[in-house]
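Hi,

Here is the structure I said I'd pass on to you.

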Amino acid sequence: MTDTGPGGPMAELRGRCAPLAFAPLPGFATAPPTGPGWVPLARIADPGDPILDRLLDARRDAPPGPRAVHTLRDLVRELVFATAGSVYLSGTAPAPSPQRYLCRVESGAVTGRVLVVDGAPAADRELAPAFVGTLAPLVGLVGERTRVGSRTLWSYVVDMLHFGMMNVARQLGRERAPAWRRAETLAGHLFEAGLPRRSVPALVRYGATDDQVWGVRGACCLDFTDGVHGMCLTCPVLDAGERARKWAASDLAGRK
């Protein structure tokens with residue numbers, strides 16, 4: 001059962017993220033949940049198990065890019081944010097494994113996520129191989145099932161880490177550039193641990209002050225291919241002039 005009490009795992013992280021408007025954390029527990037629908041990521045990433053295909057089928061009318069990226073996001077966004085937020089705020093994070101990160105899957109949708117924390121949080125060098133080893137089978141299988149390249153999928157993971165840290169900094173009124181650099185340090189350890197170095201996000205400056213910076217993704221999330229979403233401020237495909245116009249119209253320049 002998920003432990004959300006004041007003495008439960010990751011209580012400090014939950015407390016520090018509680019005031020934030022955007023903080024997609026998983027539940028934290030000391031043992032795997034056993035209720036209906038809970039499955040470990042190891043099972044979802046098993047090529048012989050139908051769970052991932054069912055999740056992808058729920059988006060069968062979407063273009064391949066959004067279908068792949070949104071399914072990956074539904075499964076691991078909370079794990080990635082918990083890792084990014086914990087590293088940024090405390091310097092360490094729980095080392096995940098495919099058996100200790102579980103999702104509740106119901107009717108072709110992910111309705112819950114829990115990270116089992118059964119040891120002390122780890123610093124970058126110990127955390128990195130556990131993080132890469134947890135996500136690699138899933139990223140590979142999503143790519144195989146959708147034909148969306150690993151550059152897009154792995155870059156999306158790296159992008160989430162960077163934007164996760166910078167979003168926490170922004171919401172807490174802290175300087176953004178140091179948060180970005182902290183994400184770059186963690187990413188360096190992930191590359192050393194075997195995460196493919198495809199493309200990396202970049203910090204873009206729009207003015208003289210620290211709150212006049214924001215990131216550009218390493219790879220496009222491909223949302224614009226669905227005919228509904230245009231290219232966003234963080235899209236690497238966007239030209240510089242249009243990016244500047246989108247920045248001027250955004251609420252990111254010093255406003256939380």
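**What I found**

Let's start with Arg-147, which sits in the loop between helix 5 (124-146) and helix 6 (150-171). (Helices, H or I of at least four residues, and strands, E of at least two, are DSSP runs numbered from the N terminus.) Phi of Arg-147 is positive, near 65°, and this residue is not a glycine. Most residues other than glycine have a negative phi. Arg-147 is also exposed, at 71% relative accessible area (exposed is over 50%, buried under 20%, partly exposed in between, using a 1.4 Å probe and protein chains only).

Before you go further: this is a predicted model, so local features need pLDDT of at least 70 and side-chain atom pairs count only at pLDDT 80 or more, while totals for chains, interfaces and linings use all residues. Residues are numbered from 1 along each chain as its sequence is written, and side-chain values use heavy atoms, with hydrogens and water left out.

Four strands make an open sheet in the order 1-4-3-2, with mixed pairing (two strands pair if DSSP finds at least two bridges between them). Strand 1 (27-29) and strand 2 (38-40) are the edges, each pairing on one side only. Strand 1 runs parallel to strand 4 (residues 109-116) over 3 bridges, and Gly-27 stands opposite Val-114 of strand 4. Strand 3 pairs with strand 4 in the antiparallel sense, over 6 bridges; Cys-103, for example, has Arg-113 as its bridge partner.

How enclosed is strand 4? Since 6 of its 8 residues are buried, strand 4 is largely enclosed by the rest of the structure.

The hairpin of strands 3 and 4 has 2 residues between the strands. Ser-107 lies in that loop and, although not a glycine, takes a positive phi of about 50°. Like Arg-147, which is exposed, Ser-107 is exposed, with a relative accessible area of 82%.

**The core**

The largest nonpolar core has 62 residues (a nonpolar core is a set of buried Ala, Val, Leu, Ile, Met, Phe, Trp, Tyr and Cys residues joined through side-chain atoms within 4.5 Å). Ile-44, Leu-75, Leu-135, Leu-138, Leu-153, Met-165 and Leu-190 touch the most other members. Helix 4 (residues 64-90) gives the most to this core, with 13 residues. A separate core has 7 residues, among them Met-166, Trp-214, Trp-247 and Leu-252.

Which residues does Leu-138 touch? Leaving out those up to four places away in sequence, Leu-138 touches Leu-41, Ile-44, Ala-45, Leu-72, Leu-75 and Val-76 (contact means heavy atoms within 4.5 Å).

**One proline to look at**

Pro-94 is found in the loop between helix 4 and strand 3. Is Pro-94 buried or exposed? Pro-94 is buried, at 7% relative accessible area. Setting aside neighbours within four places in sequence, Pro-94 is in contact with Met-10, Ser-86, Leu-115, Val-117, Pro-121 and Leu-127. Val-76 is 18 residues from Pro-94 along the chain, and their C-alpha atoms are separated by 14 Å.

Cheers
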